[in-house]
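Colleague: Could you walk me through this model? I'd like to look at it on screen while we talk.

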Amino acid sequence: MSFYDNIENNFKNSIGDKYNVEKLFNKATDEQLDALKNLIGDNVAAFIDFYSNLQPLNLPMMSCYTSLCDIKHIIEENTELAPGAYLSKLGIFVFAVTIGGNSVCIDTNCIQNGDPCILIIDKNFLYCDEDGSEIANLPSYVDKSELSDKDYEFTYENVRKFVYKLEDRFTDFIEKFSRDEYENLENFL
């Protein structure tokens, strides 16, 4: 049984009889895959392979109050909506959304053998206007009295300093997610 068959079976077992859904996934079309690769590049093979084989179709929100986006929604999240449209300029791409509208992202700058790490980012993390973007909403555990104005600049280094890394690899995340092992992901914010 392939990795993708296992993941699909995990989702079916996790969802069980809660939902009357016949087909949870479909294969992405060549056009959809091209659009995804044009957005995020092709150096994240594990992520591209997942969406090639198991693009969410009717997948309900999991118990961790998070939903996976289909390719159309990934493109929208990362080109039209905040914070994804801004984070994508740094190589961080939204692929799932929590019930509160927070972003679960792959980081294409932090990859192990084509497998990107996974971050969770508060929907209010950035303040964006016509003059640019800056970090606005820091986690409560950060001692703001020790920060300078430079710490609020919208740079990759600053973003990574203030967001939570859920997993080192997308494949680890999707395996745990498919088995419904996560509690409320918003607890990490």
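**Helix H4 and its surroundings**

Modeller: The buried residues of H4 pack against helix H2 (30–40), H3, strand E2 (55–56), H5 and E4, where buried means under 20% relative accessible area, exposed over 50% and partly exposed in between, with a 1.4 Å probe and protein chains only. Contact here means heavy atoms within 4.5 Å, and helices (H or I, at least four residues) and strands (E, at least two) are DSSP runs, numbered from the N terminus.

Colleague: Before we go on, what kind of model is this, and what should I keep in mind about it?

Modeller: This is a predicted model, in which local features need pLDDT of at least 70 and side-chain atom pairs count only at pLDDT 80 or more, while totals for chains, interfaces and linings use all residues. Residues are numbered from 1 along each chain as its sequence is written, and side-chain values use heavy atoms, with hydrogens and water left out.

Colleague: Good. Which residues of H4 are buried?

Modeller: Ile-71, Ile-74, Glu-77 and Asn-78 are the buried ones in H4. They cover an arc of only 120° around the axis, which puts them on the same side of H4; the arc is that of the directions from the helix axis to the C-beta atoms.

Colleague: What does Leu-87 touch?

Modeller: Not counting residues up to four places away in sequence, Leu-87 touches Ile-92, Ile-121, Leu-126, Phe-154 and Val-159.

Colleague: Changing topic, what about H1? How many residues does H1 have?

Modeller: Helix H1 (residues 3–15) has 13 residues and reaches 18 Å from its first C-alpha to its last, close to the 18 Å expected at 1.5 Å a residue, the expected span being 1.5 Å times one less than the number of residues. After H1 comes Gly-16, whose phi is positive, near 55°.

Colleague: Which of the H1 residues are buried, and what covers them?

Modeller: Tyr-4, Ile-7, Asn-10, Phe-11, Ser-14 and Ile-15 are the buried residues of H1. Seen down the axis of H1, these buried residues fall within an arc of 120°, so they line one face of the helix. Their cover includes strand E1 (25–26), helix H3 (45–53), strand E3 (66–68) and helix H7 (170–178).

Colleague: Let's zoom out to the nonpolar core. Which residues have the most contacts inside the largest one?

Modeller: Phe-11, Phe-47, Phe-50, Leu-68 and Phe-95 have the most contacts inside the largest nonpolar core, which has 56 residues. Strand E4 (residues 92–98) gives the most to this core, with six residues. A nonpolar core is a set of buried Ala, Val, Leu, Ile, Met, Phe, Trp, Tyr and Cys residues joined through side-chain atoms within 4.5 Å.

Colleague: And the partners of Phe-95?

Modeller: Setting aside neighbours within four places in sequence, Phe-95 has contacts that include Phe-47, Tyr-51, Leu-68, Ile-74, Val-104, Ile-118, Phe-170 and Phe-173.

Colleague: Last one: what does the chain look like overall?

Modeller: The chain has seven helices and nine strands, and buried residues make up 44% of its 189 residues. Residues 24 or more positions apart account for 60% of the contacts in the chain with a separation of 6 or more. The C-alpha atoms fill a box of roughly 50 × 35 × 30 Å, taken along the principal axes.
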